[in-house]
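Good morning, and thank you for joining this presentation.

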Amino acid sequence: MKKIISLILIMLITMSSFNNLQTVQNVFAESDYNEGSPAVEETPLASSENINIKSEDLETPIEEELIGDEFGSESIFDKVLRRNKEFLKPSVQPSDRTKAFLDEFSSEMKQITAYFYPEFSQYLTNTEKLEASNWDEKEAVNLLLSLNETSRTKLYQYVPMAEDFLDYYKNPTKYLNEHKPMLTLADEKIYKSEVHEQLSKQSQAANTLKSKKNAATNTFASSPTNQKYTITESKNVYNYKVNTDDLVDSVYRTANRSVVDLEIKGKSDLDIVLKRTYNSLNSKLLKPKLEIGVSTSSKFYEQNGGNEAVPLEKGDRVAYIAAGWNLNIPVMEKSEIKAEVVNTHESSSCYINTPQPCYQDGYSYKEMITPYEKTVFTLESGDSYEFHDLTIFNYPYKNVVLSKEPYTENGVSKYYFILKLNNEIKYKFNDQGNIVSKSNATGDQVTYVFNTDATTNNYNIVITDSYQRIITILRDSNNVISGLLLDDGSVRVKKIMYSTTQEKATITFRKWTTSGYQNVTEDVVYWNLNSVYDYTTNAVVKMEEYTYYGVDSTKLADFNFNVYTPLNGFYSNSAGE
């Protein structure tokens, strides 16, 4: 019976939370609200028969200190940890928090605790759950302010996150002063020097061994040096693929929505289905990057900057309707990959009572001897294919082939990218990643034109199908799509319009600056899709309408492209384990 109740609870929470598509807008990489409490089979669910649970009824773990006495060396790695030892200690044991929650907290204090620690939702009554599920940031702030001083002090003792939350909105100066970066610019420079020294030794040893085996094979000298290199999402080895067929992605637990706005039959294999899709993981408002530079001696990239979240550019909005919303137009993305992540393995001081010898492992970016071109194709079906140069990557079959055809544009030599599926369907993309055409085995084709004429304010995408019908995707100068038109000769067959608004949010987040990592406050511009209308007939039909959660710093998601930061190393044995 317990299993059945757990499943139904999750289904009800998931469906109710998605009914209004109140989407979490995220600054770096989308991170949804915890819309349902986890179903743990052995843990009692909240209901009328278990709301009187006391702390003695439960067994809770004790959280150990993050920093012990073993970090005693003079490396900047250990110095930073020792300097922040008090900060890294758990401010409250989970067992103490649970005891206070069950035995001392009022109903409002319990709701606030569950707001920040969703695992406590299982101990709320159904009424308390329903109330808390509809909160936004403003309501949470107001409830915190409504507590008397005694209750608020007790809450802060066991739920310190609540105090930070209120300070962020009501006392930003205090919030910024208490959340300064753990690492200073001086720390970064010292650690960069330490890493560079270690990598140089390792590289010299490797090159010496290599030269003994075959001195003629050393091609380092031909590699470019002292060049900046920017790490981005597309340059990662792993690129996620989301499932937009279900309301909730089973892997990423993100919200999805998929609607067909236009569908027409074409000749063999050339049907056109324009689908409007939403995924909360794709609704980031800023994009992550890290700029690095390469050393001439070791060929290891040194830190030239730090992790940054920067505004989306016009070129990032290819099939963009609004934050998280896109049309399923085939696209190609290409990047030149110049660096790879390599492991370092150096002798180090040991843990207390740990058999010697000990080692410290870490990672760094190393310049590749032979860079390669990475191209990723995402088709209208949602299928994606990745190629390294012209060789398909992580795909076991031979039915997908990539080739290039040269062309000249404004006197500049470029290449078309030709993607063939099953030797029947051919997709043709230009050098900018825009699709040019899709053709079948008999030569019939669908063509695409991406207009960029500022003088006539024409930024529309024009699709001509295999029967010469014209689909016009309306876009403005920001590459934001506002609607679809289907014309068969002089007859207007379909007209779908998207009602979007440009929004601006002021966000405080951590960013690399010339003074190291700092908390900065910047304006972030984005678009919301509010509603969709069908103007095909005289009677205008509102097809769908959406509302969203507000955008603020509680929607931030962490990322780290910097593989050689002080807190990223680990201790190991001689085998690196």
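Two strands are said to pair if DSSP finds at least two bridges between them. With that in mind, please note that what you see is a predicted model.

I begin with a sheet. Four strands form an open sheet, and their order is β2-β3-β7-β6, with antiparallel pairing. Which strands lie at the edges? They are β2, residues 256-264, and β6, residues 320-322, each of which pairs on one side only. On average, neighbouring strands in this sheet are turned by 20 degrees against each other, with direction ignored. At one end of the order, β6 pairs with β7, residues 325-327, in the antiparallel sense over two bridges. Here A322 is found opposite W325 in β7.

Strand β15, residues 435-439, pairs with β16 in the antiparallel sense over three bridges, and S439 has Q445 as its bridge partner. Five residues lie between the strands of this hairpin, and G443 takes a positive phi near 95 degrees. Strand β17, residues 461-464, also pairs with β16 in the antiparallel sense, over four bridges; T464 in β17 is the bridge partner of T447.

Now to a helix. In α6, residues 126-133, the buried residues are E128, K129 and A132. Seen down the helix axis, these buried residues fall within an arc of 100 degrees, so they line one face of α6. The face turned away from that side carries the exposed residues N126, T127 and L130.

Finally, the salt bridges. How many does a search of the whole structure find? The count is 23. One of them joins the side chains of E544 and R257 at 2.1 Å, N to O. Because E544 lies in strand β22 and R257 in strand β2, this pair ties together parts that are 287 residues apart in sequence. E544 counts as buried, at 14% relative accessibility, whereas R257 is partly exposed at 28%. Both belong to a network of salt bridges that links R257, D261, R276 and E544.

Another salt bridge brings together the side chains of D444 and K267, at 3.7 Å, N to O. D444 sits in the loop between β15 and β16, and K267 in the loop between β2 and β3, 177 residues apart.

How values were computed: Residues are numbered from 1 along each chain as its sequence is written. This is a predicted model: local features need pLDDT of at least 70, side-chain atom pairs count only at pLDDT 80 or more; totals for chains, interfaces and linings use all residues. Side-chain values use heavy atoms; hydrogens and water are left out. Axes are lines fitted to C-alpha atoms, for helices over the stretch in contact, and angles run from 0 to 180 degrees between N-to-C directions. Buried means under 20% relative accessible area, exposed over 50%, partly exposed in between (1.4 Å probe, protein chains only). The arc is that of the directions from the helix axis to the C-beta atoms. A salt bridge is a side-chain nitrogen of Lys or Arg within 4 Å of a carboxyl oxygen of Asp or Glu.
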